[in-house]
Structures are given as structure tokens and as C-alpha cells.
Amino acid sequence: MSELSTAPMHRLLKKAGAERVSEEAAEELRRVLEEVGIMVSNEAIRRALAAGRKTVRREDVREAALSLIPNIRLD
């Protein structure tokens, strides 16, 4: 069972410039983003634990994303 729905994936693809989006494309983007989310979450948890905290903070997530995803813009 997925944590994300496909409707936001349709919107993201259209926001990025797609004129039309197939259901399969939205589902694939959902799968990819869930996997990326899990990877960033794992890294953020590792950083929080390394800092001696049980609580994952915003900066943990931000630093994890910056370290794992080249050229990401987090403004």
C-alpha cells in the first residue's frame, strides 16, 4: 500500500510542463518519489542518531536530501 496518491503526481508532472499525463506515468513517479523519500528519511534518521537525538529535525531532512540528491534546490 502506498503512502502517496497519484493525483498529486499528475499535478507535479503537469506543473513541470507535461501537457498530458498517463496513469502509468503518475504511478511510476509515485513509486520513484516514495523510494527517494525512504532514502532521505533513512539518512535523516542516521544523522539525528549520530547527533545523539531521537527526534528527526528539519535540518536533518534538508542535509540528507542535499547529500543524496545532486543539484536539488531547497529554497
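Mentor: The model is predicted: local features need pLDDT of at least 70, side-chain atom pairs count only at pLDDT 80 or more, and totals for chains, interfaces and linings use all residues. Residues are numbered from 1 along each chain as its sequence is written, and side-chain values use heavy atoms, with hydrogens and water left out.

Trainee: In what order do the elements of the protein run from the N terminus on?

Mentor: Helices (H or I, at least four residues) and strands (E, at least two) are DSSP runs, numbered from the N terminus. The protein has three helices and zero strands. From the N terminus on, the order is α-α-α.

Trainee: What radius of gyration does the protein have?

Mentor: The radius is taken over C-alpha atoms, and the globule rule is 2.2 Å times the number of residues to the power 0.38. For a compact globule of 75 residues, the value would be near 11 Å. The C-alpha atoms of the protein fill a box of roughly 45 × 30 × 15 Å along the principal axes. Its radius of gyration is 15 Å.

Trainee: How far does helix 2 reach from its first C-alpha to its last?

Mentor: Helix 2 covers residues 23-50, which is 28 residues. The expected span is 1.5 Å times one less than the number of residues. The span in the model is close to the expected 40 Å. From first C-alpha to last, helix 2 reaches 40 Å.

Trainee: Which helices are included in what covers the buried residues of helix 2?

Mentor: Buried means under 20% relative accessible area, exposed over 50%, and partly exposed in between (1.4 Å probe, protein chains only). In helix 2 the buried residues are Ala-26, Arg-30, Glu-34, Val-40, Glu-43, Ala-44 and Ala-48. Their cover includes helix 1 (6-15) and helix 3 (58-68).

Trainee: Which residue with a positive phi follows helix 2?

Mentor: Its phi is near 80 degrees. The residue after helix 2 is Gly-52.

Trainee: With which residues is Val-56 in contact, leaving aside its neighbours within four places in sequence?

Mentor: Val-56 lies in the loop between helix 2 and helix 3. Its relative accessible area is 36%, so Val-56 is partly exposed. Contact means heavy atoms within 4.5 Å. The partners of Val-56 are Ala-44, Ile-45, Ala-48 and Val-61.

Trainee: Why does Arg-58 count as exposed?

Mentor: Arg-58 is found in helix 3. Its C-alpha is separated by 12 Å from that of Glu-43, 15 residues away along the chain. Arg-58 counts as exposed because its relative accessibility is 64%.

Trainee: How far apart in space are Arg-57 and Lys-14, C-alpha to C-alpha?

Mentor: Arg-57 sits in the loop between helix 2 and helix 3. Arg-57 counts as partly exposed because its relative accessibility is 41%. In sequence, Arg-57 and Lys-14 are 43 residues apart. In space, their C-alpha separation is 31 Å.
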